[in-house]
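Q: Can you walk me through how the helices pack in this one? Start with the terms.

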Amino acid sequence: EVLRDDYDAIQELLNLTDPESTTSQPVIDIYSAVAEDENTMRLCIEGHRAMRASLTNAIRFYHARQGDVPAASRQLARHLLWRAERNMQLEARQASGGAGEGSADGACASE
């Protein structure tokens with residue numbers, strides 16, 4: 001069970017990593033590296049919305065960083081970018097006829 005303090009910290013983590021509204025300069029810097037690529041940012045935003053709906057990954061990153069929300073936010077932002085890039089690669093393979101690649105929906109980086 002996630003305690004109230006943990007819940008508040010996880011909400012802060014999600015707010016810090018929101019590609020559409022973050023105010024954290026380190027996280028902004030991570031997203032800025034791909035800001036010109038609309039597909040990557042679209043997939044990051046979609047991934048973040050899905051994560052907000054299901055707190056499982058946010059909880060995992062929070063606990064992996066032992067409650068260090070700024071460190072967890074940087075790691076989670078990098079994870080969202082990784083997933084977006086991986087999904088784009090899979091979409092490109094599928095569009096070019098590459099079968100058998102599977103879906104990235106359940107993909108999860110072990111960071």
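A: Angles under 35 degrees count as roughly parallel, over 145 as roughly antiparallel, 65 to 115 as roughly perpendicular and the rest as oblique. This is a predicted model, where local features need pLDDT of at least 70, side-chain atom pairs count only at pLDDT 80 or more, and totals for chains, interfaces and linings use all residues. Residues are numbered from 1 along each chain as its sequence is written, and side-chain values use heavy atoms, with hydrogens and water left out.

Q: At what angle do α1 and α3 cross?

A: Roughly 170 degrees, with the axes of α1 (residues 4–16) and α3 (residues 38–53) coming within 11 Å. The two are therefore roughly antiparallel to each other. Axes are lines fitted to C-alpha atoms, for helices over the stretch in contact, and angles run from 0 to 180 degrees between N-to-C directions. Helices are DSSP runs (H or I, at least four residues), numbered from the N terminus.

Q: Which residues meet there?

A: Q11, L14 and N15 in α1 meet H48, M51 and R52 in α3; contact means heavy atoms within 4.5 Å.

Q: And how do α2 and α5 cross?

A: The axes of α2 (residues 25–32) and α5 (residues 69–95) come within 9 Å and cross at roughly 15 degrees. α2 and α5 are therefore roughly parallel to each other.

Q: Which α2 residues are in that contact?

A: P26, V27, I30 and Y31, which meet S73, R74, A77, R78, L80 and L81 in α5.

Q: New topic: what does L13 touch?

A: Leaving aside neighbours within four places in sequence, L13 is in contact with A58, F61, Y62, V69, A72, S73 and L76.
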